[in-house]
Amino acid sequence: MLKNKNVIVTGAGGGIGLATVNKIAENGGNVWACTRTKTEQFEQDLQNIANQYGVWIKAVYFDMTNESQMKTAIKEISLEKRSIDVLVNAAGTVYNGMFTMTSISKLKEVFEVNYFEQIYIMQLVARLMMRQKKGSIVNVASVSGIETTEGKLAYGSSKAALIYASKTISKELAQYNIRVNALAPGLTDTKMNKEIPDADLQKVLDRSSMKRMANPEEIANAIVFLASDQSSFMTGQVMVVDGGRLWS
Amino acid sequence: MTNLEKYNQAFCETFELANPDFDSLQYMGVEQWDSVGHMSLVAALEDAFDIMMDTDDIIDFSSYLKGKEILKKYEVEI
């Protein structure tokens, strides 16, 4: 589905991000895998995936809260003079806390990663895609940005904002043949969700039809679909992949 | 090609102008320099000078003359 396409994936060191890198490679795509921290394990994982599927995968390191680093990284990518076909924004941070227990500084911190820097990287990459007159952007939001749940003020509202942004940006970029969609995963079996207390986890699972968490690969499959030409007439949409949690 | 020639060429090619009065060119001052044309101009300049402009500078880039000032920030002397 992505043969010879070049894809930027942020949050590539995370559960959904790395699964997405793997799934893109499996579908023939090349990847700039962006993450904050360089580790031997990450580099080895990328090397293994690249070798397995015969594509190139480059590690790119920057902190999502450091605009200067981000800009430098995207500029370096642009200087490679390859087409940038897809941007997958999988970077994110989670915070669970009741409204009365969420400081404004924490709220800003969550929005910084989940919203403002997502917008910034889209601005940088979209400008390159506009020159090509093509592109696809996939923002990994969350069902928490659609449903309202106690204790999700920071995370949920940041993801709701990202969903709104995806829709409005899709309208502005359509004239350049750039599609923008959001994905709203439900609970996914990643390290980020390991900190959820068992009782809370069970409560969410009980509300869903499939009564289980998603595997990161199941989310990656949906991302690849939105990234690829298989979804060529979709833009400004939110694809919910939650095992029947939201509207069951 | 000098930087000035590259700069002028970006305007002429983007806005399809033959022999414009460069110093008088302003955003929304010619039909082609609308919001879409503006991004095309930015793309042409970024390509010509191998730079990546900040969003604030793109917003501030309101005229041919203002653009010269802004490009100095990117070590492009015109």
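**Interface between chains A and B**

In the predicted model, chain B and chain A bury about 1200 Å² between them, 49% of it on carbon and sulfur atoms, buried area being the accessible area (1.4 Å probe) that two parts lose on being put together, summed over both. The model is predicted, with local features needing pLDDT of at least 70, side-chain atom pairs counting only at pLDDT 80 or more, and totals for chains, interfaces and linings using all residues. Side-chain values use heavy atoms, with hydrogens and water left out, while residues are numbered from 1 along each chain as its sequence is written and chains are lettered from A in the order in which they are written.

Contact (heavy atoms within 4.5 Å) involves 14 residues of chain B and 14 residues of chain A. Five salt bridges are counted between chain B and chain A, where a salt bridge is a side-chain nitrogen of Lys or Arg within 4 Å of a carboxyl oxygen of Asp or Glu; the side chains of A:Lys71 and B:Asp54 meet in a salt bridge at 2.6 Å, N to O.

The axes of helix α4 (residues 104-132) of chain A and helix α2 (residues 35-49) of chain B come within 10 Å and cross at roughly 95°, which makes α4(A) roughly perpendicular to α2(B) (65 to 115 degrees). Helices are DSSP runs (H or I, at least four residues) numbered from the N terminus, and axes are lines fitted to C-alpha atoms over the stretch in contact, with angles running from 0 to 180 degrees between N-to-C directions. In α4(A), A:Arg127, A:Met130 and A:Arg131 meet B:Met39, B:Val42, B:Ala43, B:Glu46 and B:Asp47 in α2(B).

Conventions: Helices (H or I, at least four residues) and strands (E, at least two) are DSSP runs, numbered from the N terminus. Angles under 35 degrees count as roughly parallel, over 145 as roughly antiparallel, 65 to 115 as roughly perpendicular and the rest as oblique.
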